[in-house]
Amino acid sequence: MNLILLGPPGAGKGTQSVLLEKRFDIPQISTGDMLRAAVKSSTPMGVKAKAFMDAGDLVPDEVVVGIVRERLQEPDCADGFILDGFPRTVAQADALKESLEQLSKKLDAVVSLKVDTDALVERLTGRRTCKSCGKGFHLKFDPPTADGSCSACGGELMQRDDDHEITIRRRMDTYDQQTAPLEDYYRKDELLLPVNGMGAIEEVQKDIISGIQAS
Ligand code: ADP
Ligand code: ADP
Ligand code: ZN
């Protein structure tokens, strides 16, 4: 199963991708996670990407297109993949189409998570991530242990540099301007599967799975 998870920052793409990864035993490919790893280890790509990410802007298409193209050729993508946070522009979607054609792969669905702006802001300001294992939490909606550590590994939690009010707003604008047009793009390709992302995490997961199975 070859899936894309589309949606504004905070919609639940990462949360739902991790659940889908377990359920279908196919890898989550998060360009955000890959870019943050590159920033952390100060690779040339990370150094270049950091300023864009801190500003809430998109990293240039050629950078992300290159990393996704390579990642899709890894053997663990043979039975499927979940793209989380890619594509984010029409140019990226075009490049993905070309890569998939070359690899004789086809998309099965583009899950589009719909969440109100107020809820997005609340989700992003309360988002925390484990420094050690990368597991995601929310202070209110998906809380860590009582002492504020990771429930999976006991690690310390951190807040992303870009999850602060001003950058959140900028990322929302970036989404509206550059990524939202992908809904029409994939609707035309008859791949778009809109899912209400406002429910609890498990409810949204159920709706995604039933949507995929019906499509
Ligand atoms: P995205 O990857 O789309 O930016 P995340 O999956 O990181 O979004 O979710 C953003 C935050 O909202 C996280 O803290 C996560 O725990 C929380 N969250 C995700 N899904 C839901 C949901 N259905 N209801 C409430 N909070 C959620
Ligand atoms: P969110 O979970 O809030 O949707 P991500 O973790 O997916 O955010 O992405 C964080 C940042 O990494 C983005 O604001 C952007 O700067 C960069 N980024 C991630 N994916 C892409 C992409 N496909 N194209 C360009 N920039 C990207
Ligand atoms: Zn952890």
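Helix 1 (13-24) and strand 6 each contribute at least two residues to the shell around ligand 1; helices (H or I, at least four residues) and strands (E, at least two) are DSSP runs, numbered from the N terminus. Helix 1 accounts for the largest share of this shell, with three residues. The structure is a predicted model, in which local features need pLDDT of at least 70 and side-chain atom pairs count only at pLDDT 80 or more, while totals for chains, interfaces and linings use all residues. Residues are numbered from 1 along each chain as its sequence is written, chains are lettered from A and ligands numbered from 1 in the order in which they are written, and side-chain values use heavy atoms, with hydrogens and water left out.

The shell around ligand 1 holds 17 residues, of which K13, T15, R127, F137 and G199 come nearest; a residue is counted as near a molecule or strand if one of its heavy atoms lies within 4 Å of it. By class, seven of the shell residues are nonpolar, six polar and four charged. In this division Ala, Val, Leu, Ile, Met, Phe, Trp, Tyr, Cys and Pro count as nonpolar, Asp, Glu, Lys and Arg as charged, and the others, Gly among them, as polar. G12 takes part through a backbone N or O atom, at 3.0 Å from an oxygen atom of ligand 1. Taken alone, ligand 1 exposes 560 Å², and the protein buries 91% of that area. Accessible areas come from the Shrake-Rupley method with a 1.4 Å probe, and for residues only the protein chains shown count as cover.

Ligand 2 is surrounded by 19 residues, the closest being K13, T31, R36, D57 and R171. Helix 2 (residues 31-40) gives the most to this shell, with four residues. The shell comprises seven nonpolar, four polar and eight charged residues. A polar side-chain atom of R36 lies 2.8 Å from an oxygen atom of ligand 2, and a polar side-chain atom of K13 lies 2.9 Å from an oxygen of this ligand. In the side chain of R88, an N or O atom is 3.0 Å from an oxygen atom of ligand 2. Of the 550 Å² that ligand 2 exposes when taken alone, the protein buries 96%.

C130 lies in strand 5 (residues 127-130) and C153 in the loop between strand 6 (136-138) and strand 7 (157-158), so the pair ties together parts that are 23 residues apart in sequence. C130 is buried, with a relative accessible area of 3%, whereas C153 is partly exposed at 42%; buried means under 20% relative accessible area, exposed over 50%, and partly exposed in between (1.4 Å probe, protein chains only).

Local backbone features were also examined. F86 and P87 are joined by a cis peptide bond, with omega about -5°, and P87 is placed in the loop between strand 3 (81-84) and helix 5 (90-102). D25, although not a glycine, has a positive phi of about 55°. This residue, D25, lies in the loop between helix 1 and strand 2 and is exposed, at 68% relative accessibility. E190 is likewise not a glycine and has a positive phi of about 60°; E190 is found in the loop between helix 8 (181-188) and strand 8 (192-196) and is exposed, with a relative accessible area of 72%.

Terms used
A polar contact is a pair of N or O atoms within 3.5 Å; within protein, one must be able to donate a hydrogen and the other to accept it, and residues adjacent in sequence count only if both atoms are side-chain atoms.
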